Amino acid sequence: MPVATLLPFTATPSRKSASPTSFRLTEKFILLLVFSAFITLCFGAIFFLPDSSKLLSGVFFHSSAVETNTRTGPDSSDSGSAGSDDKALAKIRKDHEKALLEAKDTLQKRPDEIKQDILDEKAQVANDALGPGGKDVNNLPFVQYHRPPGATGREPLDPENRDRRAKVKEMMKHAWDSYRRYAWGSNELRPVSKQGHSSNLFGSIKGATIVDALDTLYIMEMFEEFDAATDWVEKNLDFNVNAEISVFEVNIRFVGGLLSAYYLSGKEVFRQKAVELGEKLLPAFKTPTGIPWALLNLKSGVGRNWPWASGGSSILAEYGTLHLEFMHLSKLSGNPEFAQKVMNIRKVLNRLDKPQGLYPNYLNPNSGQWGQHHVSVGGLGDSFYEYLLKAWLMSDRNDEEGKKMYYDSLQAIETNLIRKSSSGLTYIAEWKGGLLEHKMGHLTCFAGGMIALGADGAASDRTGHQMELAAEIARTCHESYSRTALKLGPEAFRFDGGVEAIATRQNEKYFILRPEVIETYMYMWRFTHDPKYREWGWEAVQALEQHCKVEGGYSGIRDVYSSSPNHDDVQQSFYLAETLKYLYLLFSDDDHLPFDHWVFNTEAHPLPVIKKDRTETPNEVE
Ligand code: DMJ
């Protein structure tokens, strides 16, 4: 700034009227010197005076000590202010030390962990941009994203185990790459004919395999693949379709898959899509009782039930398997309607008399009365029981109603359905109007894992018994595999007519890459660390590799008792979502998706436990 322009403002009052041009050269020089000295003094005050640390810390570190000091006002004594200076300096030192420790910590991290931290921070910045109480483009409220522990794991120390886990990852890569190459965007892959496959369960919604596989890709640290899948979801996943879908299947695979992907990665797109889809499912609950329809047209909102289901009934395993996802939808959307809908289902069930304490598979949504008295822990019933237990666990053990319903129903199942074969194999039969059918489905084999998971919450005198029961079911299901030619289990096996754990009917001999037996091995391994469960899992890996792997992916098999496999040409989306994920976790350490922080939905999508501590979960559902 030219000095001349400043001179008038430095003139003394006695020279007020004088024009600047009236100064002599020596006067001008002296004034210039005085002015320069004044400027130097001002800068010195900022940079060199002893007090400067306080000033800087206030500007750059927003130190609370400085703020406190400011608030003490004119009354604060000199000694008090010196104390605050010390505090401010101590705070700066502490901040520096913290920064150093963080840097050290970062240097020790693996690249994927660093990548995850960056993703978390990005998500945090996006969230912060919304601000508390803010809404995003989809009108969703601000949610503080916290990644629960154990989303990715470490390499197992034991070399054999490490190799086995790596093998499972390689299997996932083959399944995924094949889908990507031959069926990208379709719901599933036909691995033999190398083309896309669509089942009518999803109407014209596309990409079931992509959404179902997202969390497995993430957990296995296949981040390039995860990013490609995320990109597809962002650009192509569309629920604005004029088509009828299965509410249950869309919920467990799509809503569940999107929720898990959100909780693992923190990417907002998954929260938005999950809530958008959840809202589209709400019209299914428009029935006189609030028990939802099985099928729903997503455009018109018109629902109906499967024509074969006992006089227009809804199915226990379908309407009873919405709870976990809907509780999370309320938490993530701020809309209590989702939670209310599933809590109402319980109300209806609790008003009804239960034959022998059992829940029949069919319930009429108009009359609120049971349909045919058919009870099963396999198909049509299975995941209802699973969700009672997991609702309690997911609520951080607060949902007493869910807990009671689970342990009461397990007691009724033990009394009425669980039997032992003549050679001592424990199985869970089906109940038809009071008569037992001595058949156990592959689907029923998930119960070993469920019972093990619930054992520690049972009355203390029941825990040991329930663990034994879980182990016996695991053994029976393993037998159903070992008694076949291909060492893969049939769809259903029987304990009558002189056979045990063997399928006798041609239409029950198929294997469609289902996860339930491996799921039970995984839970049993976590709770017992008995190496046989890993061995049994490894047997399954070898059989899958030998008989189901084809050039274009993995296929189901029509008859597991025939030594020359006939492929069904479908790579089910649950093979990537569940079978391969449970195998991978079977060979992983226990702190990878630990059970005290995560609960798996029935499609193996991990959902976080909603912790009691409200500071951790600000949008907790009431
Ligand atoms: C999956 O879609 C789910 O596990 C469901 O609960 C029942 N069966 C299939 C896999 O077998």
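Helices (H or I, at least four residues) and strands (E, at least two) are DSSP runs, numbered from the N terminus. This is a predicted model, in which local features need pLDDT of at least 70, side-chain atom pairs count only at pLDDT 80 or more, and totals for chains, interfaces and linings use all residues. Residues are numbered from 1 along each chain as its sequence is written, and side-chain values use heavy atoms, with hydrogens and water left out.

Q: Leu513 lies in the loop between which two elements?
A: Let's begin with the backbone: Leu513 has a positive phi near 65 degrees, and this residue is not a glycine. Its relative accessibility is 0%, so Leu513 counts as buried (under 20% relative accessible area; exposed is over 50% and partly exposed in between, with a 1.4 Å probe and protein chains only). The loop that holds Leu513 runs between S14 and H19.

Q: Is Lys194 buried, partly exposed or exposed?
A: Lys194 sits in the loop between strand S1 (188-190) and strand S2 (195-197). Its phi is positive, about 55 degrees, although Lys194 is not a glycine. Because its relative accessibility is 30%, Lys194 counts as partly exposed.

Q: Which residue in S12 stands opposite Trp431?
A: Look for the open sheet of three strands, ordered S8-S11-S12 with antiparallel pairing (two strands pair if DSSP finds at least two bridges between them). Its edge strands are S8 (374-375) and S12 (435-437), and each pairs on one side only. Strand S11 (residues 430-432) pairs with S12 over three bridges. In S12, the residue opposite Trp431 is Leu436.

Q: Which helix gives the largest share of the lining of the largest pocket?
A: On a 1 Å grid over the protein atoms alone, a pocket is an open set of points where a 1.4 Å probe fits, with protein on both sides within 12 Å along at least five of seven lines; lining residues have an atom within 4 Å of a point. The largest pocket has 40 lining residues, and Glu249, Gly379, Leu443, Glu491 and Arg514 lie nearest its centre. Elements giving two or more residues to this lining include helix H12 (316-319) and helix H21 (573-586). The largest share, four residues, comes from H10.

Q: Which residues of the UniProt "active site" annotation does the lining of the largest pocket include?
A: The UniProt annotation comes from an unreviewed entry, and such annotations may be inferred rather than shown by experiment.

Q: What is the relative accessible area of Asp382?
A: You will find Asp382 in helix H15. Leaving aside neighbours within four places in sequence, Asp382 is in contact (heavy atoms within 4.5 Å) with Ala317, Ser376, Val377, Leu443 and Phe446. Asp382 is buried, and its relative accessible area is 12%.

Q: Is Glu491 buried or exposed?
A: Glu491 lies in the loop between helix H18 (460-482) and strand S14 (492-494). Leaving aside neighbours within four places in sequence, its contacts include Gly441, Tyr510 and Arg514. With a relative accessible area of 13%, Glu491 is buried.

Q: Which residue does UniProt list for "binding site"?
A: The residue is found in the loop between strand S17 (598-600) and strand S18 (606-608). Not counting residues up to four places away in sequence, it touches several others, among them Phe248, Ser383 and Glu578. The unreviewed UniProt entry lists Thr602.
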